Amino acid sequence: MEHPENNEAYKGLKVNKGIENAPTINPYLKKRIHRREYSVSEFVEGILKGNITILSQAVTLVESARHEHQVVAQEIIEKCLPFAGRSMRIGITGVPGAGKSTSIDVFGMHLIKQGHKLAVLAIDPSSERSKGSILGDKTRMEALSHEKDAFIRPSPSAGSLGGVARKTRETIILCEAAGFDTVFVETVGVGQSETAVHSMVDFFLLIQLAGTGDELQGIKRGIMEMADGIIINKADGDNVEKAKLAAAQFRNALHLFPPAESGWFPKVLTYSGYYNLGIKEIWDMIDEYMAFTRKNGYFEYKRRKQAKYWMYESINDTLRDTFYTNPAVQSQLEMTEQQVLNNEITPFTAAKRMMDLFLTHIH
Ligand code: GDP
């Protein structure tokens, strides 16, 4: 049909008559925007049924800085705890570009094909500062992000590494209660975040690259010492020989370390995440480790040790928070600091003064 404006009588500018209140385009939209508030038991029930939407919302509460959210989150965690603990927790680290996301995608698909359910979490303390995380972005794991048996969650952003790590640990509990039997905790291989990840996983995997022959330089000894498996990525094309050489060097270097408490000697393997080569061998290694440490009791021992560690971490965090948010402390802290800077009092006197002030003002 000819558009009426093409008629001669309509040529030139004209003002259209406005319409009365526009009808709601989607009558259901309102309902969808206003997220339903679940009760603690609804949350727990949803999580235990494996409802991903409810799980995601519970994780959002865990990550929230608001006190009332934390109260609910802690109740949910408490109730989920009896159903948690049954997963294989694997820490994955490597410098940016090592191929973490490519590898996690491939490892994850390998596991899902075997009928596993996988949660991929991340610890990236830099995300707060840079306002954008380098890790855990959903789009980085192309295949996994379309899988219903994969739950991918970017790193929580919080001020401190301790805060981020605590939230991730709590999220592990919720994911396990939701039926995820494998949990990856990814971290960027450049800082202290490895220690945090190591303290919440059963197996710690270090992704390395073959380079110029001096790849052992620049890797923090501490990170290598934590690794239960070192895997050398990009063993494809011209790089295969270099990767094998690097593997031999790592094996030699590992012999110089004191034996691990687990009784397990870390393995070094080469693979290609991109070309999907050597993936099964990596999983065989992890299965072997799990069987080995379950048999010798180390698996349970480490989990208990980790639980103890988190108890003290949590106490330390709470103490620090209570101290620094105490109004009496806040009113005197800067002035006391200035006195130290001016050499008027010693740091120890200053610390004692602040502690005494705190102790007389807590209730
Ligand atoms: P991340 O920063 O550690 O997450 O690393 P990415 O997974 O983003 O990989 C960094 C780059 O290395 C990308 O361009 C990948 O395509 C490439 N890459 C990853 N795995 C392999 C591999 O096995 N072989 C080759 N040749 N390239 C790879």
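Predicted model: local features only at pLDDT ≥ 70, side-chain atom pairs only at ≥ 80, totals over all residues.
Helix α2 spans residues 40–48, and Val40, Phe43, Val44, Gly46 and Ile47 are its buried residues. Because these residues cover an arc of only 165 degrees around the axis, they lie on the same side of α2. Their packing partners are α3 (52–63), α4 (67–80) and α7 (161–177). Just after α2 comes Gly50, which has a positive phi of about 80 degrees.

In soluble globular proteins, nonpolar side chains tend to be buried together. Here the largest nonpolar core has 53 residues, and Ile47, Ile76 and Leu174 are those with the most contacts inside it. Helix α7 gives the most to this core, with 7 residues. Both domain 1 (36–83) and domain 2 (85–296) supply at least three residues each to this core.

Ile76 can be followed residue by residue. Once its neighbours within four places in sequence are left aside, Ile76 is in contact with Val40, Phe43, Val44 and Ile47, and also with Ala58, Leu61 and Leu174. Apart from this core lies another, of 32 residues, among them Met109, Leu111, Leu205 and Trp283.

The ligand has 15 residues around it, of which Lys100, Thr102, Arg140, Lys234 and Asp236 come nearest. For Lys100, a polar backbone atom is 2.7 Å from an oxygen atom of the ligand. For Thr102, an N or O atom in the side chain is 2.5 Å from a ligand oxygen atom. For Asp236, the ligand contributes a nitrogen atom, which is 2.6 Å from an N or O atom in the side chain.

How values were computed
Residues numbered from 1 in each chain as written. Heavy atoms only, no water. Buried < 20%, exposed > 50% of the residue type's maximum accessible area, 1.4 Å probe, protein only. Helix = DSSP H or I, 4+ residues; strand = E, 2+ residues; numbered from the N terminus. Arc of directions from axis to C-beta. Contact = heavy atoms within 4.5 Å. Core = buried A, V, L, I, M, F, W, Y, C linked by side-chain atoms within 4.5 Å. Domains from an automatic or database assignment. Near = heavy atom within 4 Å. Polar contact = N/O pair within 3.5 Å; in protein donor to acceptor, adjacent residues only side chain to side chain.
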